[in-house]
Amino acid sequence: MNGPTPQTNRRGPRPNRPVALIAGAAGFLGSHLATRLIDDGWRVYGVDDFHTGLARNLAHLADHPDFVFMEHDIRRPLPKIAGLAQVWNLACPASPPHYQDQPIRTATTSVVGTLNLLELATQAEARFVMTSTSEIYGDPEVHPQPESYRGCVNTTGPRACYDEGKRMAEALCYDFVRQYGTDVRVARVFNTYGPRMRLDDGRIVSNFVAQALTGQKLTIYGSGRQTRSFCYVDDLVEGLVRLIEVERRPETPVNLGNPEEYSILEMAEMIGRLTGRRIRTTHDPLPADDPRRRRPDIALARRLLDWEPRVPLRTGLAATIDWFAELLAEEGRLVAKPAAELRGAAARRREPAGGAAVSLGLAAPEH
Ligand SMILES: NC(=O)c1ccc[n+]([C@@H]2O[C@H](COP(=O)([O-])OP(=O)(O)OC[C@H]3O[C@@H](n4cnc5c(N)ncnc54)[C@H](O)[C@@H]3O)[C@@H](O)[C@H]2O)c1
C-alpha cells in the first residue's frame, strides 16, 4: 500500500504521550479538536486531503512537537500508527454547497472512509468517535429530535449523499461494535459555528456575517421563520472530548448541539446589531429538502456526559464576526467593522487568522 507521508516538525515528539488520530484535521471542527487534544497532552496525527480544509487552520500547530500531519484521502486505507489510543472521524464536508458539489465523493468518504478508519481503530484497539450529523433526522416530524427518532430523509434528493452517507456510516459503526467489539462512540452533531469556518461555507452564520460585513443584503431563504440552533465550537469540542473519555461506552448515538432555537429572521437581526449594520434582506426560495426546524434534545448528553453548551450566542457570534472581519480585511472586502464593544470580547477568543501556509518539516514515517 502506498501510505501517506507523515510530516512532523524537526524537534521530534515528547515521550509518553498517548496518540490520537484526527481525520479531517484541517477542517473547521478538526482543527479546533487537534488544538484541544494537544493542550490536553495528546500526540496528534492530523489526516486530511484538503478537500474543504485549509492549511491555515493548522498553521498554529505546524511547529508543535506533538503534531504530525498526513495528507491523505481516507477512502484509501491508512497506515498503522504505534500507540494509537483514539481515532476520530471528522473527515467529510459539512456544508450543503460543499457536500453537494461532488456528491459521490461525499457519500464514499462517509462510507469507505469510515470503514477504513474503523478498521484502523479495531486493529489498534483504540476508541473511535464518528461525527455523524443532525442531518440524519432529515426534515423531522418530531421536535426537538431525541436520538431515538429515526428521521425523515429523502433517499434520492440532493442532500442524500450526505444524510444517507452518514446513516450508513452509523450503521457500520454499530456493525463493528457487534462483530469486533470495537469501542465506538457516535456524536450526532448539530449546526456548529465559530472561527475557522470558511467564508464560502454557505450556511446561515457565514452567509449573514459575510454579507453584513461587505455591505450586502442578507439572503433569507423562504419566509425566514424556519428555525435552527447554533452551537459554539468550543462547546462542541468539549462535548466530543467528554464523549470519547466517558468510561462506559454509550450504546446509542449522542446528540451534541445547542437546544436554544432561533428563527433565521432573529439571527439576521442579531448579526445586524453585532456588526453595527442596518440590515436589509432579500428573499430566495427554500432549497430542496431544507428542514423547517432543527433542534437537539440533549437530555442524553446531559445525563451521560454531564455536558451542555455554555457559550452564549452573542459571545460566540462576536468571536466569529471578528474572524470573518479579519479574513475580509485581508481580501480588501471589509465594509463594516464589528461593533467596538464586541471586538474586546472577540479578541479574547480569537485565533490567528494570518495567511501563513503550514510549513511542516519532513520526518521519517512511524508506521
Ligand atoms: N460544522 C457543523 O455544523 C457540523 C454539523 C454536523 C456534523 N458535522 C460533521 O463534523 C465533521 C467536521 O465538519 P466541519 O464543519 O469541520 O467540516 P469541514 O469541511 O470544515 O471539515 C471536514 C474536513 O475533512 C476533510 N476531508 C473531506 N473529505 C476527505 C477525505 N476523503 N479524506 C481526508 N479528508 C477529507 C476536508 O478537507 C476538511 O478538512 C464532519 O464529519 C461533519 O459531517 C459538522
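Colleague: In which sense do strand E2 and E5 pair, parallel or antiparallel, and over how many bridges?
Modeller: This is a predicted model. Strand E2 covers residues 19-23, and its pairing with E5 is parallel, over 5 bridges.

Colleague: Why is strand E5 described as largely enclosed by the rest of the structure?
Modeller: A residue counts as buried if 20 or more other C-beta atoms lie within 10 Å of its own. Strand E5 spans residues 84-89, and it is largely enclosed because the number of its 6 residues that are buried is 5.

Colleague: What share of the chain's residues count as buried?
Modeller: The chain holds 10 helices and 14 strands. Among its contacts between residues at least 6 apart in sequence, 81% join residues at least 24 apart. Of the 367 residues, the share that count as buried is 48%.

Colleague: Are helices H3 and H4 roughly parallel or roughly antiparallel?
Modeller: The axes of H3 (residues 103-124) and H4 (residues 160-180) come within 8 Å and cross at roughly 15 degrees. Angles under 35 degrees count as roughly parallel. The crossing angle therefore makes the relation of H3 to H4 roughly parallel.

Colleague: Is the crossing of H3 and H4 left-handed or right-handed?
Modeller: Residues of H3 that meet H4 include Thr106, Ser110, Leu115 and Leu118, and the H4 residues they face include Gly165, Lys166, Leu172 and Phe176. By class, this contact has 13 nonpolar, 5 polar and 1 charged residues. The crossing of H3 and H4 is right-handed.

Colleague: Which residues of H6 make the contact with H1?
Modeller: Helix H1 (residues 28-39) and helix H6 (residues 233-245) have axes that come within 10 Å and cross at roughly 65 degrees. The crossing is right-handed. The contact has 7 nonpolar, 1 polar and 1 charged residues. On the H1 side are Leu29, His32, Leu33 and Arg36, and on the H6 side Val233, Leu236, Val237, Leu240 and Val241.

Colleague: Which two residues does a cis peptide bond join?
Modeller: Most peptide bonds are trans. The cis bond has an omega of about -10 degrees. One of its residues, proline 144, is found in the loop between E6 and H4. The two residues joined are histidine 143 and proline 144.

Colleague: Is phenylalanine 50 buried or exposed?
Modeller: Phenylalanine 50 lies in the loop between strand E3 (43-48) and strand E4 (67-71). Its phi is positive, about 60 degrees, although it is not a glycine. Phenylalanine 50 has 12 C-beta neighbours inside 10 Å, so it counts as exposed.

Colleague: What is the phi of aspartate 306?
Modeller: Aspartate 306 is found in the loop between helix H8 (299-305) and helix H9 (313-330). It counts as exposed because it has 9 C-beta neighbours inside 10 Å. Most residues other than glycine have a negative phi. For aspartate 306, phi is positive, near 55 degrees.

How values were computed: Residues are numbered from 1 along each chain as its sequence is written. This is a predicted model: local features need pLDDT of at least 70, side-chain atom pairs count only at pLDDT 80 or more; totals for chains, interfaces and linings use all residues. Axes are lines fitted to C-alpha atoms, for helices over the stretch in contact, and angles run from 0 to 180 degrees between N-to-C directions. Helices (H or I, at least four residues) and strands (E, at least two) are DSSP runs, numbered from the N terminus. Angles under 35 degrees count as roughly parallel, over 145 as roughly antiparallel, 65 to 115 as roughly perpendicular and the rest as oblique. A crossing is left-handed if the near helix is turned anticlockwise from the far one by less than a right angle, and right-handed if clockwise. Two residues are in contact if their C-beta atoms, placed from the backbone, lie within 7 Å. Ala, Val, Leu, Ile, Met, Phe, Trp, Tyr, Cys and Pro count as nonpolar, Asp, Glu, Lys and Arg as charged, and the others, Gly among them, as polar. Two strands pair if DSSP finds at least two bridges between them.
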